[in-house]
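User: Hi! I have a new model open and would like a hand reading it. Can we go through it together?
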Amino acid sequence: MTRNLTADLAADLRMRIVDGVIQPGDKLPSENALISEFGVSRTVVRAALTRLQAEGLVETERGRGSFALTPPPEGLPSGPGGRPVTTLEDRVQLLEFRMGVESEAAALAALHRSDRQLQAVRKALADFTASAGHPAHALKADFEFHQAVAAASGNPFYASCLASLGPTMIAMPRARLLADAEHYALGHFNQVVHEHESVVTAIADGDPTSSSAAMRTHLANSRRRLRAATTGSRPGAVRGATE
């Protein structure tokens, strides 16, 4: 009976996370709130949360509560061709793939972007900059920035490639949810904003070499931050990448 109650609660919370009712970075209802809402014991609540942690959907910090991570689409985030991204090494390799694709897209954007496309890139940067302190908004704005650069390349295959990867190519970093998250997030976020600004400046200047280099540097730094953010995570689990 306990196993059924645990499965039911985990399924309900999983659906809320995947459907976006509980967004990446949002705090889940407290144990007491879940006990009251579902009429279950504290043991059932904790077992359900443990199950969601094992699935990489939830991160629990003692004394602070449980927080939603980026949900994978239809069970697992996928890379090009539908390849599942399930380990840290998969995520690193996806970033390396993106370095090749997006660096070239940025170079082409510097050569071919229209005024409207440049405006879209700048708006995406402004939206991302304004999302400080709102992890779910930052994730969405970060993805839209990369999409805008790909669209500005003038080659629809770049935009289609990023669209196929989806927002989960930029996942909720576990480190943002830890006790020193505010200190971590400030330095991290400002660095990413600076890297995005370098990409935009080079595209606006019409400099393909600098645009490509700025995007490559940004994604290389993302790879470094990913490794740092996942240090200490259990083997085989993708707890979140960081852009």
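Analyst: Happy to! One term before we start: a residue is called buried when its relative accessible area is under 20%. Also keep in mind that this is a predicted model.

User: Good to know. So is Leu-13 buried or exposed?
Analyst: Leu-13 is buried, because its relative accessibility is 0%. You'll find Leu-13 in helix H1, which covers residues 2-18.

User: What does Leu-13 touch, leaving aside its neighbours within four places in sequence?
Analyst: Leu-13 is in contact with Leu-28, Leu-34, Leu-49 and Leu-52. Take Leu-52: it sits 39 residues from Leu-13 along the chain, yet their C-alpha atoms are separated by 8.4 Å.

User: Let me zoom out. How many helices and strands are there in the protein?
Analyst: There are 9 helices and 2 strands. Along the sequence they come in the order α-α-α-β-β-α-α-α-α-α-α.

User: And what share of the residues is buried?
Analyst: Of the 243 residues in the protein, 46% are buried. If you look at contacts with a separation of 6 or more, 72% of them join residues 24 or more positions apart.

User: Which residues touch the most other members in the largest nonpolar core?
Analyst: Those are Val-121, Phe-145, Val-149, Val-199, Ile-203 and Met-215, in a core of 20 residues. At least two residues of this core come from each of H4, helix H5 (115-129), helix H6 (135-152), helix H8 (181-204) and H9. The biggest contribution is from H4, with 5 residues.

User: Pick one of those for me. What does Val-199 touch, not counting residues up to four places away in sequence?
Analyst: Val-199 touches Phe-145, Val-149, Ser-211, Ala-214 and Met-215. There is also a second, separate core of 16 residues, and Ile-17, Leu-49, Leu-52 and Leu-57 are among its members.

User: At what angle do H4 and H7 pack?
Analyst: H4 and helix H7 (residues 156-165) pack at about 150 degrees, and their axes are 10 Å apart. Their crossing is left-handed. On the H4 side the contact includes Leu-94, Phe-97, Val-101 and Leu-108, while H7 brings Tyr-158, Cys-161, Leu-162 and Leu-165. Arg-98, Glu-102 and Glu-104 of H4 are also among the residues making this contact.

User: Now the loops. Where is Arg-64?
Analyst: Arg-64 is in the loop between strand E1 (58-61) and strand E2 (65-68). It counts as partly exposed, because its relative accessibility is 29%. From Arg-64 to Ser-30 is 34 residues in sequence and 9.6 Å in space, C-alpha to C-alpha.

User: And Pro-24: why does it count as buried?
Analyst: Its relative accessible area is 14%, and the cut-off for buried is under 20%, so Pro-24 is buried. Pro-24 lies in the loop between H1 and helix H2 (31-38).

User: Great, thanks for walking me through it!

Terms used
Residues are numbered from 1 along each chain as its sequence is written. This is a predicted model: local features need pLDDT of at least 70, side-chain atom pairs count only at pLDDT 80 or more; totals for chains, interfaces and linings use all residues. Side-chain values use heavy atoms; hydrogens and water are left out. Helices (H or I, at least four residues) and strands (E, at least two) are DSSP runs, numbered from the N terminus. Buried means under 20% relative accessible area, exposed over 50%, partly exposed in between (1.4 Å probe, protein chains only). A nonpolar core is a set of buried Ala, Val, Leu, Ile, Met, Phe, Trp, Tyr and Cys residues joined through side-chain atoms within 4.5 Å. Contact means heavy atoms within 4.5 Å. Axes are lines fitted to C-alpha atoms, for helices over the stretch in contact, and angles run from 0 to 180 degrees between N-to-C directions. A crossing is left-handed if the near helix is turned anticlockwise from the far one by less than a right angle, and right-handed if clockwise.
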